[in-house]
Amino acid sequence: IFYLKNRIPHITHRSQFSEPSPDLALQAGPILIANGKPTTLNNPQITSRRSGIAITSKKEVIIFATLVRFPGTSFEQIQNLLSMPELNVTNALNLDGGGSSQLYLKENSLIKDSVNDPLSIK
C-alpha cells in the first residue's frame, strides 16, 4: 500500500498497514524495493509494460512508467534502475502492467523534473 499521512509518503505491505486515517491510500503490488533493498519476487524475469511509485530517502515521490513496448521490462530491470545510488530510493511499489501502464504529466511549478530518463542519469 502506498499512502500519504500528513503529506508524508509511505509504502508498506497490506498485512502491516495499520494507519487508521490516511490522507490517501492506494493498494497495488508487488513491493519492488523495501528499506533500500530489492525484494525477492516470483518470476522477476517476466516482462511487461510497467508503472509504479517510489519514495526516496528525502521523502520525495517518484512516479514512473516504462517506455519499452515489446518485450517490455522485467521487475528485475526496474529494481536495478530504482537501486541506482543517484535516486536514493528506499521503497517502491509496482502499480500496474500491460497496456494499461500509461503516465501523463502536465508540466507545472509543482513538478521538478516532469520527464527524466533514468538511463541517462550520470
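Predicted model: local features only at pLDDT ≥ 70, side-chain atom pairs only at ≥ 80, totals over all residues.
View 1. Read from the N terminus, the order of the elements is β-β-β-β-β-β-β-β-β-α-β.

**View 2. Surface and contacts of the protein chain.** The protein chain has 122 residues, and 30% of them count as buried. Among the contacts between residues at least 6 apart in sequence, 63% join residues at least 24 apart.

**View 3. Strand E7, residues 50-56.** Strand E7 is mostly covered, with seven of its seven residues buried. In a regular strand, side chains alternate between the two faces of the sheet. Which residues of E7 point one way, and which the other way? Arg-50, Gly-52, Ala-54 and Thr-56 point one way from E7. Ser-51, Ile-53 and Ile-55 point the other way. The residues of both sets are all buried, where buried means under 20% relative accessible area.

**View 4. Pairing of strands E7 and E8.** Strand E8 spans residues 61-65 and runs antiparallel to E7. How many bridges join E7 to E8? The two strands are joined by five bridges.

**View 5. The turn between strands E7 and E8.** E7 and E8 form a hairpin, and four residues lie between the two strands. Lys-59 is in the turn and has a positive phi of about 65°.

Conventions. Residues numbered from 1 in each chain as written. Heavy atoms only, no water. Buried < 20%, exposed > 50% of the residue type's maximum accessible area, 1.4 Å probe, protein only. Contact = heavy atoms within 4.5 Å. Pairing = 2+ DSSP bridges.
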